[in-house]
Amino acid sequence: MEAPSFFAKEAGQWERRSLEAVWHPCTQMQRHLPAGNPDSLPLLPVARAEGPWLYGFDGRAYYDAISSWWTTLFGHRHPRIVAAIKEQLDTLDHVLLAGCTHAAAVELAERLHTLTGGRLGHAFFASDGASATEIALKMAAHYARNLGFPRKTGFVCFAGGYHGETIGALGVTDVPLFRQAYEPLLRPATILPSPDARLGPAAAEEAANALQRHLQDHGEEVAAVIIEPLVQCAGGMIMHPPDFLRRLRRLCDEHGVLLIFDEIAVGCGRTGRIFAHEHAGVHPDLLCLSKGITGGILPLAVVLATDGVFEAFLDEHVERGFLHSHSYTGNPLACRAACATLALLEESSMEERLEALGSAFERSLAPIAAHHGASHLRRCGTLVAFDLAEADEGFPRRAAVAALEHGLLLRPLGQTLYVMPPFDTRPEEVAFACEAIERTLGDVL
Ligand SMILES: Cc1ncc(COP(=O)(O)O)c(C=O)c1O
């Protein structure tokens with residue numbers, strides 16, 4: 001069916017005006033210009049969204065296979081989360097969290113305390129994921145300083161890891177494309193080999209041994225080790241076994257180094273459990289959450305800290321306190337959205353639902369991956385990925401454009417094609433998405 005011309009005009013209008021006025025993130029803007037160039041990237045003007053679907057101005061639907069950059073959790077505009085935000089808006093919109101408090105922040109912090117088995121009972125709020133990384137890094141170094149170890153200012157991270165794009169977060173991120181222009185601005189961190197399971201079981205062992213050696217030689221200068229537990233997402237959905245996290249925990253304890261789990265992408269149910277680290281049965285000293293914590297509706301980040309970390313900042317001297325702040329820290333609307341999100345995640349059938357969703361995608365994608373000679377079909381909870389040796393440098397862009405033609409929002413990472421689906425995806429929608437992926441690959445490979 002041809003799109004009504006009114007809608008086509010609407011879509012064209014937003015695309016044109018956006019390219020003139022909006023500087024889009026993570027984008028070489030030149031790629032969007034000029035229209036008609038075979039290498040140019042179209043911009044998708046989105047009129048509305050519901051469940052796992054985005055709708056263009058012409059009414060066309062696109063299955064959001066990447067949960068809008070891994071934010072949307074159950075699906076867009078989940079009614080219970082929307083209702084919680086509306087109710088909050090009728091009483092308190094925003095108030096600063098220094099010297100004031102409010103019920104939504106308190107209830108969210110208490111809820112997270114309970115969900116972490118009482119181990120991470122102190123919630124420091126912020127806005128986007130990278131701000132949580134900044135907070136965790138600053139907190140770790142300041143913690144060591146308060147304990148009398150001012151030389152402990154170094155950070156250890158892993159190859160392929162991604163923790164955000166602000167200057168501190170980029171310093172512990174190993175994605176060369178995002179780093180290279182800013183390299184002179186970054187404070188060097190120690191980047192150890194990735195525990196990448198695709199390289200075989202020895203990779204995790206080697207990464208842990210490298211950490212052991214590094215801490216033996218330089219532990220006195222290390223404030224913290226940071227890792228995305230179970231899946232290094234932006235690096236290419238690189239997975240590692242839970243046992244690796246147990247080894248990290250032991251090594252950090254032995255050397256008096258804090259362990260930071262960045263669950264900004266993998267938290268909130270993506271791995272099949274509310275927190276990825278539950279799979280390993282160990283807790284970090286600092287846990288970073290964001291993205292899905294509000295169901296993907298409002299920006300919110302939180303760093304959860306142990307009693308030990310929190311107490312090291314208590315002192316009569318103000319400068320020994322953690323003086324970091326952001327204006328929208330603990331925004332009540334976002335906190336209410338997060339409380340509603342956690343209530344949904346805590347529903348008793350949730351783990352089975354997440355397992356069913358992930359395995360349905362894995363089953364349907366396996367023959368497609370095999371047909372294209374893909375390697376390393378892998379899954380962690382609801383997240384499924386495979387690698388296409390045939391994919392060249394232009395593949396992610398070509399695949400993203402072709403996917404839109406087939407009603408799918410997709411953004412491959414290099415040679416890695418992945419889905420991170422909204423949880424409220426029905427079996428027929430899994431079938432639709434996988435068929436669209438099959439057609440996309442048929443078009444571009
Ligand atoms: C693991 C991880 N940490 C941090 C971030 C940064 O979050 P934000 O983009 O909200 O700043 C991301 C974003 O993709 C991420 O995947």
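In this predicted model, 10 residue pairs, both members at pLDDT 80 or more, are in polar contact between domain 1 and domain 2. Strand 13 gives the most, with 4 residues. Sorted by class, this side of domain 1 has 15 nonpolar, 7 polar and 5 charged residues.

A step back shows how the chain is laid out. Domain 1 is made of two stretches, 5–77 and 349–444, while domain 2 covers 79–345. The contact takes 27 residues from domain 1 and 27 residues from domain 2. Between the C-alpha centres of the two domains there is a distance of 27 Å. About 2300 Å² is buried between domain 1 and domain 2, and 67% of this area lies on carbon and sulfur atoms. Within domain 1, the residues that lose the most area to domain 2 are Trp70, Leu73 and Cys380, which together make up 24% of what that side buries.

Charged side chains also join the two domains. The count of salt bridges between domain 1 and domain 2 is 2. A salt bridge is found between the side chains of Arg273 and Glu351, with 3.5 Å from N to O.

A polar backbone atom of Gly129 lies 2.8 Å from an oxygen atom of the ligand. For Ala130, too, a polar backbone atom is 2.8 Å from a ligand oxygen atom. With Asp262, it is the side chain that takes part: one of its N or O atoms is 2.7 Å from a nitrogen atom of the ligand.

Technical notes:
Residues are numbered from 1 along each chain as its sequence is written. This is a predicted model: local features need pLDDT of at least 70, side-chain atom pairs count only at pLDDT 80 or more; totals for chains, interfaces and linings use all residues. Side-chain values use heavy atoms; hydrogens and water are left out. Domain bounds come from an automatic or database domain assignment. Contact means heavy atoms within 4.5 Å. Buried area is the accessible area (1.4 Å probe) that two parts lose on being put together, summed over both. A salt bridge is a side-chain nitrogen of Lys or Arg within 4 Å of a carboxyl oxygen of Asp or Glu. A polar contact is a pair of N or O atoms within 3.5 Å; within protein, one must be able to donate a hydrogen and the other to accept it, and residues adjacent in sequence count only if both atoms are side-chain atoms. Helices (H or I, at least four residues) and strands (E, at least two) are DSSP runs, numbered from the N terminus. Ala, Val, Leu, Ile, Met, Phe, Trp, Tyr, Cys and Pro count as nonpolar, Asp, Glu, Lys and Arg as charged, and the others, Gly among them, as polar.
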